[in-house]
Structure formats: C-alpha cells, structure tokens
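Hi everyone, thanks for coming. Today I'd like to walk you through a structure, one piece at a time, so please have it open as I talk.

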Amino acid sequence: MFESLGQKLGKVFTGLRGKGALKEDDVNDAMREIRVALLEADVALPVVKAFIETVKTKAIGQEVIASVTPAQQVVKIVHDALVEMLGSETAELKFTAPPSVYLMVGLQGSGKTTSTAKIARMLSEKQRKKVLMASLDVYRPAAQEQLRQLGAQTDIATLPILAGQKPAEITKRALEAGCLEGFDVVILDTAGRLAIDEEMMAEVALVRDLAKPVETLLVADAMTGQDAVNVAKAFEDKVGLSGIILTRVDGDARGGAALSMKSVTGKPVKFLGTGEKSDALEPFHPDRIAGRILGMGDVVSLVEKAIETVDQNEAEEMARKFQKGQFDFNDLLMQMRQMQKMGGVQSLVKMLPGLGEMASKLDEAGVDDKIIKRQEAIILSMTPQERSKPEILNASRKRRIAEGCGMTVQDVNKLYKQLQQMQTVMKRMKKMGMGKMAGMMQGLMNDKDKEIMAERMQAQGFKGLPGNGGDFLGANPFLKKK
Amino acid sequence: MFWRKDKKQDSQAAPVGVIEPVAEKHPEPSLPPREGDRPGETWLSRLGMGLSKSSTKLGQGIADLLTKRKLDQETLDGLEELLITADLGPQTAARVIADFSQDRFGKDLDDNEIKAALSESIARILEPVAVPLAFDRRDEGPFVVLVCGVNGAGKTTTIGKIAHNLQCEGKRVAIAAGDTFRAAAVEQLKVWAERTGSVFLAKDAGSDAAAVAFEAYEAAKRQGVDVLLVDTAGRLHNKSNLMAELQKVIRVLKKHNDNLPHATLLVLDSTTGQNAHAQVETFRDMVNVTGLVVTKLDGSAKGGVVIGLADRFALPIHLIGVGEGIEDLQPFKARDFSDSLVGLQR
Ligand SMILES: Nc1nc2c(ncn2[C@@H]2O[C@H](COP(=O)(O)OP(=O)(O)OP(=O)(O)O)[C@@H](O)[C@H]2O)c(=O)[nH]1
Ligand SMILES: [Mg+2]
C-alpha cells in the first residue's frame, strides 16, 4: 500500500546525487517523509516531533559520501539516531537477596501471563534459578488457572490458587512461600488494567508497596498505537517501572510504540516476545526495532541469529564443500533444518531489508514452511547413497522415493532441479564470497523474485549494504567467527 | 468424548446449558466485584463515561486552539495533529482535515462549531458502516457467528457479552470453545457460558478447532439453539499456518451448510494503531470477515484507526466493547463515536 521510505527519499533527493553537503531545504523535505513514516509506524506524535528536530540538526551540513546516495545517507542518520534513542545496550534483569520479586503490569490482553511464563522459563533454564509464579488476576475468568497450566507445562512452580483471595493477600502468600521454600525469584502476574482506572492503578501500587519488586516490567503490545505514551507514562508515574517487554513482535506491526514508551519513561525495552510458545522471548535489539520502524528489515539480527543457530562445525564443513562447489541432498536437508530453527522462510525474509513485500510474494508462490517440510520428507525417503550422490537418481529411484514419501515423481524432480540450481548458485557465490543465507534465499526464488529483490535492495540500501547491494550480507557469516 | 456427556443420554433429553465441567480440578475463585460490574449503571452511561474519558483530552486540545477566530492553516495543522494522536494515521487525518476545511477555511468559528463540524466530517465516513448485527436465522439450524482476531483482542469476553445480550432478548445461545490452544481458554469461556446461562460446547484442550466447530453445530442444532457463538484462538494475521487453520474451521462448518458461518466477526483492540489495517485486510481476504467489533473503548485509546478502516474496507462495525463487565457492549453509533472522538457534548 505504501511506497517504501527508501523510494520516497530517493525522489526527494533526485538531482542531488553525490553533490556536496546535505542542504537544509532537502533535509526538510526528507524529514517530512520521515515524519509520515514514523507516524505510520505508530510512533507517538510528540515523540516524532522531538526526534525529527534532533535528526534535522544532525543531518544538515553533512557531507554526502561519494559511495552512497543522499537518500541512503539520510536513512542511515535516521536509523542511527533511532538506535541511539531506543537504548544501545541490551538490559539485563536484576536480582536481590532471594527471593527477587518481579512485578508484571500492563493493559488488558497485552500478554502479561504468557510473558511471565517466558521469563520464568528463561531464568530457570538459562540461569538455573528456582522460580515461583503467582497470578494476582482475580478478575478475568480462569486467569489464575491459565498461569497454573503454563507452570505445569514448563515445570515452573505456581502458587496454589485459593478462591476468594484479594491481590494483596495473594501477594503476601507468594512472598511467604518465596522465602520459606527457597525460591530465587517470585514473579507476580497482575490483572490487566486501564491506565486511567484509578482504583485498579491504586491496587497495583499497593501490591508494589507490599512486594518491593526489583523489576517492574510493563508488558505492552507491539501493535499499540498513539496511546502507548499515555499508558507508559501512567504506569511509570503510578507504579514505577524498571523496564518494558514488547510483545507480539512476531506480528508485522512496525512497533513504533517501543520508541514512544522508551522516550516517555526513559526505561529500557528489555525483552521482545516473538511467539506464543514459552521459549519465544528474545533480548531487545535496538537495531532490529529501528529497522522495523523504518520498514527496512534487519540485517544485523539475521546474521547474529544465523551464527547462533548454526553449529560451527557443520558450518565449516559446509563452507569447505562450497569452496569445492559440491552440494548434495544432505546439505540441502541440513539447510532446511537450520532454516526451520531460525524461524522458517517467512520470518527470515521479513528480517531482510526491503523484503517485507517479498514475504507476501513467497506466500502467493506457495513457498512456505509446509513446502520445506514436504521437501524434507522427499530427502528422507532417499538412500544415503542417493543423498550424497544426487546424480545417480534415475526414473526408477525417483519413483521409489516418491512412493516412499507419498508424493509424485514430479515433486521429486522439482526438488532435484532446485538442488541443481543451488549448485549453480553456490558456484557463483563462491566467486562473490556471499553467505550461505543468501544462497538459501536465492535457491527458493525464481528469477522474477531475484529481480525484484535486487531492485528493492538497490532502492533501499543502507548500513550493512556495502556499495551496490550485490553482497547484501556482507560476508559469509559462518566464517566470520574464526 | 465430545461435550463430555454420556452418549446415550445425548439424543433429546440432554439438559440445556448443563455441560459437565472440562477437567475442573481448580475451581474458579469467586469474582470480587469491580467497577465495571456496578449494578444500576446503564450501558449508555458507561459508554459515555468510557468514551468521554478518552475524549476529554482531545476536546481540551481543540478548546485550547481557538476561541473564536479565523480558521487558518495553523489551526488546521493543530487539528490534524489532534486526529493523529487519536490514531487516525497521517493519511486519514490529512484527508479528514481537507474535507473539513473545504468550505470553512477563513471563516470565523468557535470551539463548539469546530467540534461539531469535525465530528460531522468523521460521522459521514462512519455512518455507512454503523450497521447492527442481525441474528436472523436464515436456515433451519442455529445462526452461527465465528469470532476471530489477534491475541488478546477481546474475543472471548465479547462472546460472553453478546451471549448475555441475546439471552436478554429471549434467544437460546450456545457457545463453542474453538480456542483449544491457549492455556485455560476453555475454562475462561466456560465461566462466560455459566454467567450467561448458555449451552457450553467443548472438547479437550488440544483438539482440532475445526472438529469442535463442526460438532458444536450438530449439537446446537439438535438442541434447538437460536445462535451459536464460536470462539477461536487468538492468531496474528501474518502467520499463514494459523490463518489456514481458521480457514479450515470455516471449510468444515460449510459441510453442514454452505451459508455457515452466517457472520464472521473480527475483534479489534482499540489500543491498536495502524497495524489494524493489515489485520482487517488479511482476515477479510482469508476468512471473509463480515463485520468488526472494537473493544476497550473505555480506555484512553481513541480507536481513531476505524475511520481509515471504514473508508478503505467499508466493513460494518457492529459493536463496541466499553468494559470488562457482562453489559459493557454497545451497538456502534457513528455520531456518538465521532462526537466522543472530538470531545463534543451535545
Ligand atoms: N477495559 C476493557 N477490557 C476488555 C474489553 N474487552 C476485553 N477486555 C479484557 O481484555 C483481556 C483479554 O480479553 P479476552 O476476551 O480474553 O481476549 P481474547 O481475544 O479472547 O484473548 P486470547 O483468546 O488470549 O487471544 C481480558 O482481561 C478482558 O477482560 C473492553 O471492552 N474493555
Ligand atoms: Mg480467548
């Protein structure tokens, strides 16, 4: 629906390409586009205004670097300023003498209960903490039961539910259990409440006074609109916050609320909720959200995630094979599985700059995770020999494979063709020094898609896209760690 | 076992509205009353309270802008910004202001005249979509309403409120627990079924949502229910597998009767900003949404995004949620909404 910011800025700066310093008039025109982009991303208006002023002063008079367009340069300035405002470090959770009390607060339906379980699981799995969860939500039907079930699923203790107790009474009971039973952390999940509901805000303030939490986390939906400033300010004023958890980041909202809330409270966004499962919690990456707010994807997180997910040995082994231009079904299988670990095709595509639209194209083309699962099934019904020597596949082998996985010979042929294409791509990549991720993406795209992608990358190039967009992941991320 | 009921008794003698508890090991604690549940308060007063809470700031802003003077560019810019803070989005805000200023630029106007005129401009966009939800039974079975939306939007609560309204009108209602995924979703809905005296139809957590809907229709029809409300799990519109699951629910319902579901409601949280556009577009394209419900208008969010939605998608907005209580559901009224949005008291 919307023209991308890169394209719009490109128009603003036509005629200026590579000429001297950024002029005030041009910058003002560019800032009008930036303003609209930020508002469309749901950044609150007062925050947008303050931000634009800061960036304007930074941009005017800057020399245009020869290798980039003025539009790219402005985007980079804006992007860096966004990252700076969002808070540059990833904040950690604090602990006190046990039990450390965490208080989860927020509007109705923002994701408090799910986030409570996610934090608990993370603390118990990654930091070996003994965690107790208690629900103070005596209002929403079955809210306490929801937390109890999540606890049972994740093997985290929950405070036994006693009918008829008030939030303050439950709080006392939770603190007592926390002390007596030697819990490291007690997480209090509260009922959702409107920031303007004074009675309910007083109730949670009372709980805070009783529990003296070391972390009070505002749980807020990434889809939140302009109201984010009011909500964050009210919770900060009446309860006091130590941080923010931004939920539903796996959706496609641009997430401007993160910037709004950070700037009115000064409190860091500590975590991102990225799915319904209890392990879908990630540390906050300002880069990633900045890219989203601008609608430009996120290269950095993608590369990081790839590095984290891919086993180093596997990666080196594969890199060696690439060098030789070899690529067989075992490699393809491994790639598919790594891709799934990283959240599937769709989420990978979304993280790449300017490919938001591509995601829907892939959807239309039917390239989704289901296809990958089916292709996996085809490979699994091959013999080890067939997997490592694809060229031995003949008609009768193909028929047997197809029968083995309940698919047609055509399906098998398609996969074989894809493998051959990837072998070609790998050979080309070897020359260009591109990462495996890029190969993966290309292998899944037809020529038309590749054209679109190249075009969009040209139009949108920014930080991390050295030069002309050919080598969009910089270098092979799997070899970088050496 | 479906409905957790003895198969043999199931035929005709099945007691209406009495369904065995779904693994009720931990009884729901009794609910302390909260503000939204105050008896004697009318719907209207609560809508007034809710919407006026959210609109006083906007109204004040307009009052600050001018007493009586010429409507100039600066004033218009100020008005546009006020609309942006109400979540209309930059494009829609600009369009509304352009429409509003057309015959008024340079004229002398006072605060109230401005509010009235701006409200008028907005109401004109909203009026065509302010359509009540009609539960007319078009075929023998119950009128089926499928309720969907992103996580936490207010689907389950809205179902409870709709069921209550229907019961008040003397209709017999059944509620099907199509959210088989989220923890305690079935238990939550069951409480609403009990509160409203509705027939509660559920299978075990983890069951296929489509199977729940399919069998619920059979049971509801057998029991001569007027309206069947089907809850679904919250899902983000960009998750194609979850959207496919919802499509399957519909496909399976259509095996009973091609008219099913008679209505598919998308529940939108008024706190949501411009992402509501993507939600409506995707849910409409994928599951043929027939109308919208906008919740949480008792909060400080103004829900202005619906103006852009009305203009772009022309989907009916049937109902609004103005609280967590059983009576906190209102028909959507264009003029009330636009008046509240600009802070106009008539
Ligand atoms: N203030 C207010 N709260 C509401 C309204 N509608 C729903 N809620 C609250 O919002 C929260 C979420 O509501 P649910 O009905 O559980 O939402 P849902 O869409 O069914 O959620 P999931 O099934 O988890 O996706 C609950 O705490 C409700 O009480 C409303 O109109 N106003
Ligand atoms: Mg629900």
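In chain B, the C-alpha centres of domain 1 and domain 2 lie 32 Å apart. Those domains span residues 43-129 for domain 1 of chain B and 133-336 for domain 2 of chain B, with bounds that come from an automatic or database domain assignment. Please keep in mind that this is a predicted model, where local features need pLDDT of at least 70 and side-chain atom pairs count only at pLDDT 80 or more, while totals for chains, interfaces and linings use all residues. As for labels, residues are numbered from 1 along each chain as its sequence is written, chains are lettered from A and ligands numbered from 1 in the order in which they are written.

How many residues of domain 1 of chain B are in contact with domain 2 of chain B? There are 23, and they meet 26 residues of domain 2 of chain B; two residues are in contact if their C-beta atoms, placed from the backbone, lie within 7 Å. On the domain 1 side, α1 (43-65), α3 (90-101) and α4 (111-126) of chain B each supply at least two residues. Helices here are DSSP runs of H or I with at least four residues, strands are runs of E with at least two, and both are numbered from the N terminus. The largest share of that side, 9 residues, comes from α1(B). By type, the side divides into 14 nonpolar, 5 polar and 4 charged residues. In this count, Ala, Val, Leu, Ile, Met, Phe, Trp, Tyr, Cys and Pro are nonpolar, Asp, Glu, Lys and Arg are charged, and the others, Gly among them, are polar.

Now find B:Thr85, in helix α2 (residues 73-85) of chain B. Is B:Thr85 buried or exposed? B:Thr85 is buried, because 22 other C-beta atoms lie within 10 Å. The cut-offs are 20 or more such atoms within 10 Å for buried, 12 or fewer for exposed, and partly exposed in between, with C-beta atoms placed from the backbone. Leaving aside residues up to four places away in sequence, B:Thr85 touches A:Leu45 and A:Gln226. Its C-alpha atom is also separated by 9.2 Å from that of B:Ala301, 216 residues apart along the chain.

Over to chain A, which is divided into domain 1 (5-86), domain 2 (100-293) and domain 3 (299-460). The C-alpha centres of domain 1 and domain 2 of chain A are 36 Å apart. Here 14 residues of domain 1 of chain A are in contact with 20 residues of domain 2 of chain A. The largest share of the domain 1 side, 5 residues, comes from α4(A), and that side divides into 11 nonpolar, 1 polar and 2 charged residues.

Chain A also has an open sheet of 8 strands, in the order β3-β2-β4-β1-β5-β6-β7-β8, with mixed pairing. Two strands pair if DSSP finds at least two bridges between them. The edge strands, β3 (157-158) and β8 (281-283) of chain A, each pair on one side only.

Last stop: where does ligand 1 lie? Ligand 1 sits between chains A and B. It is surrounded by 27 residues, and among the closest are A:Gln108 and B:Gly154; a residue is near a molecule if its C-beta atom, placed from the backbone, lies within 6 Å of it. Those shell residues divide into 5 nonpolar, 14 polar and 8 charged.
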